[in-house]
Amino acid sequence: METVIEQVPLDKVIDPSLKKKAKIEVKDVKVWYDDFNAIKGIDMDIKPNTVTAFIGPSGCGKSTFLRLFNRMNDYVEGFKMEGKIKVSGDDIYKKKVNVEELRKEIGMVFQKPNPFPKSIFDNVAYGLKIQGITDKQLIEERVVDCLKQVALWDEVKDDLNKSAMALSGGQQQRLCIARTLAVQPSIILMDEPTSALDPISTAKVEELIFKLKEKYTIVIVTHNMQQASRISDYTAFFYLGELIEYGKTKTIFTNPEKQQTENYITGRFG
Amino acid sequence: MANAQYQRDLLNESGAEMLAICTSQLEKAKDAFLNHDSDLAEEVILNEIRVNALDLRIEKSCEKFLALYNPVAIDLRFIMAIRKINFDLERIADHACSISKYVVEIDEKIPPHLFEALQFQTMFDTLEKMLGKTTEAYEKKDVKLARKVFKKDKIIDKINADSFAVLETEIKKDNNIISEALLLFSVIKKMERVGDLIKNIAEEIIFYIDAEVLKHKKKK
Amino acid sequence: MNNIQKNRLKDQIFKVWGIGCTLFALILLAFFIGDILIDGIMRIDWDFIIDLPSRKPEKSGIYTALMGSIWILFLTTIIAFPIGVAAGVYLEEYSKKNRLSAILEINISNLAGVPSIIYGLLGLEVFVRIMGLGASVLAGSLTLSLLILPIIIVATREAIKAVPKSIKDASYALGASKWQTIWNQVLPASSGGILTGVILALSRAVGETAPLIVVGALAYVPFAPESPMDEFSVLPIQIFNWISRPQHGFIENAAAAIIILLLITFVMNGVAVYFRNKWQKKLK
């Protein structure tokens with residue numbers, strides 16, 4: 001099957017920043033669930049090595065839009081999509097596209113931390129295991145490296161065989177991020193990653209996102225506007241399936257172009 | 001966000017109150033000075049306490065708003081603007097107060113012909129109009145009204161520029177008026193500063209409503 | 001009496017009623033087991049287990065029936081377990097959720113309630129006669145497999161349903177294929193539930209009498225089966241046979257055999273409960 005994006009050989013522990021800078025181009029994308037028009041025609045360009053935040057009231061389509069990038073909507077009954085989405089120049093909805101390859105390039109972190117009911121080590125190694133990698137040393141190096149990247153290493157290094165379910169919520173979420181990093185994606189999608197966490201864990205995850213920005217392109221859906229203003233470079237405001245405004249975060253929060261955007265971020269509605 | 005909205009409205013009203021108080025202080029100071037009315041002047045000096053109290057209240061409210069409500073966009077610009085407006089208004093009231101102090105401290109009346117030569121009435125009237133326009137712009141959130149203030153300030157600048165030559169001439173005519181002349185010169189300088197301060201306030205209103213920064217720019 | 005008092009009274013009445021019913025059932029069970037134990041416990045010794053059945057009750061043993069039951073258990077497991085689990089996985093994970101699959105789901109549940117003798121008749125016609133397997137252990141196992149297949153399928157589906165969707169999402173998001181997700185995440189996570197279902201289904205099979213009689217499991221069998229094609233008997237049939245004999249000694253034998261059968265059933269159920277508890281803890 002045709003691979004979507006040129007894959008760097010995985011038998012080497014490689015610095016992701018050496019890979020192609022991944023950007024996402026969206027052209028006139030529409031989404032339906034049966035008869036319901038969830039996304040009504042959106043154009044957007046996501047720039048490499050940036051953090052882009054999607055904000056908007058509940059049900060406005062931002063999670064649906066996010067899941068278009070790694071084709072997780074494919075599993076929803078009645079899903080239909082029109083338009084083009086290109087990742088690093090390749091249309092990811094072409095018939096020949098290998099969805100599993102796509103998901104190695106574009107990782108996802110979910111709202112509620114969802115570690116597998118296995119050990120910490122096995123969680124992080126899972127992505128490598130399903131690719132058929134058996135080199136024990138490589139796997140171990142990668143696991144350690146990823147746990148260090150998410151600042152979890154010191155907390156778990158004494159027993160990597162402990163069950164992941166025994167970790168705290170914040171630790172579990174960082175573990176899920178480490179698990180995503182292990183397959184060396186170039187883009188990381190995050191769907192409200194801290195909404196189930198306490199403030200200190202949230203701060204740790206935000207710090208992590210800030211660090212990850214150097215090597216990865218990050219898109220994050222958030223309900224928390226202060227979070228969007230704290231950590232993102234670009235912000236997109238969605239409402240009822242439409243992209244109302246998309247621009248630099250500092251502009252959106254000091255002087256947005258659309259009145260609707262201003263009404264939302266100042267709390268006058270939504 | 002009802003609480004934030006309510007607090008914001010309160011602050012808005014406080015801003016309007018400050019504008020009103022400082023306008024009235026300036027008017028009274030003008031009347032006191034032009035008519036050498038020391039009773040009126042005393043009033044102005046006593047009122048200064050109210051002005052200062054309101055100034056502190058507004059400062060504190062701004063700090064509280066920033067800490068509690070995380071304002072962004074227009075709300076944030078409003079807080080930033082109102083702090084500066086408040087600061088400038090307090091300075092205007094200060095000037096009004098020191099003019100009133102002159103009236104109280106000095107016994108002799110100033111010869112009316114000097115007032116005329118220096119165009120004091122025009123100057124005060126223009127300042128009053130500028131403050132009036134600015135207050136209207138603040139209440140109606142109207143940028144066009146705010147912009148009209150800049151032109152008027154040129155009148156003040158001209159009067160100020162001419163004052164040196166005028167006073168020189170008057171002193172040469174009559175040496176005895178030197179102390180009055182020096183006093184008048186000082187008051188004109190203060191009024192020129194008041195004109196600048198009102199201009200600043202207009203700039204802040206334009207920043208708050210339109211996000212346009214006019215500071216240090218040439219105005220048309 | 002006001003509402004709060006009324007509610008408290010209702011509470012109490014229900015509690016007493018519940019305890020009463022439970023105690024009633026437990027006492028009945030205790031009676032039954034006690035009765036059996038009194039009748040049969042003295043008869044159980046090593047000879048009883050090794051002896052072949054004979055005309056004289058003191059010399060009759062359960063060896064052939066026990067071996068028959070073990071053979072049946074073994075064969076039924078290796079037939080029904082993979083087919084049942086695979087069918088359950090397919091129905092839950094792969095088949096499209098439309099009207100056809102809904103009808104299928106209802107019918108499978110219905111099959112679990114069909115009287116076992118019907119399965120016996122089916123087995124007789126298809127396995128014994130049409131396929132020519134005769135009254136063999138294989139035919140008996142195939143028949144029982146059909147019987148317990150719906151139970152295994154339903155248990156598998158329920159266990160898979162209990163695996164949180166978030167686990168599957170995480171697996172897909174890492175680039176796993178559907179099969180990889182099922183093999184690496186869904187099955188391990190649901191293994192406890194599946195195992196519990198399988199063991200419970202098998203413990204039912206161990207106690208089945210009617211279908212095996214129809215298939216032809218003989219009452220008097222002087223040898224233990226040595227291959228799947230051999231003729232056989234099982235414990236329940238042996239018990240049935242002994243109970244219908246007039247000599248009192250055979251009643252004792254029957255009671256002793258019942259104790260052995262109960263032991264097997266209790267052990268299997270106990271193992272099932274153990275696995276279920278372990279599984280529920282893991283998923284938390």
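In what order do the 6 strands of the open sheet in chain A run? The order is β6-β7-β8-β3-β9-β10 (chain A), with mixed pairing. Two strands pair if DSSP finds at least two bridges between them; strands (E, at least two residues) and helices (H or I, at least four) are DSSP runs, numbered from the N terminus. The model is predicted: local features need pLDDT of at least 70 and side-chain atom pairs count only at pLDDT 80 or more, while totals for chains, interfaces and linings use all residues. Residues are numbered from 1 along each chain as its sequence is written, and chains are lettered from A and ligands numbered from 1 in the order in which they are written.

At the edges of the sheet lie β6 (106–109) and β10 (242–248) of chain A, each pairing on one side only. From one strand to the next the twist averages 15 degrees (axes are lines fitted to C-alpha atoms, for helices over the stretch in contact; angles run from 0 to 180 degrees between N-to-C directions). Helix α6 (residues 169–182) of chain A packs on the sheet, where α6 touches β6 and β7 (187–191) of chain A, and its direction makes about 170 degrees with that of β6(A). Strands β3 (residues 51–55) and β8 (residues 217–221) of chain A pair in the parallel sense over 4 bridges, and A:Thr52 stands opposite A:Val219 in β8(A).

Contacts between chains follow (C-beta atoms, placed from the backbone, within 7 Å).

| Side | Residues in contact |
|---|---|
| chain C with chain A | 16 residues of chain C, 18 residues of chain A |
| chain A with chain B | 11 residues of chain A, 9 residues of chain B |

On the side of chain C that touches chain A, α7(C) gives the most, with 6 residues.

Key. Two residues are in contact if their C-beta atoms, placed from the backbone, lie within 7 Å.
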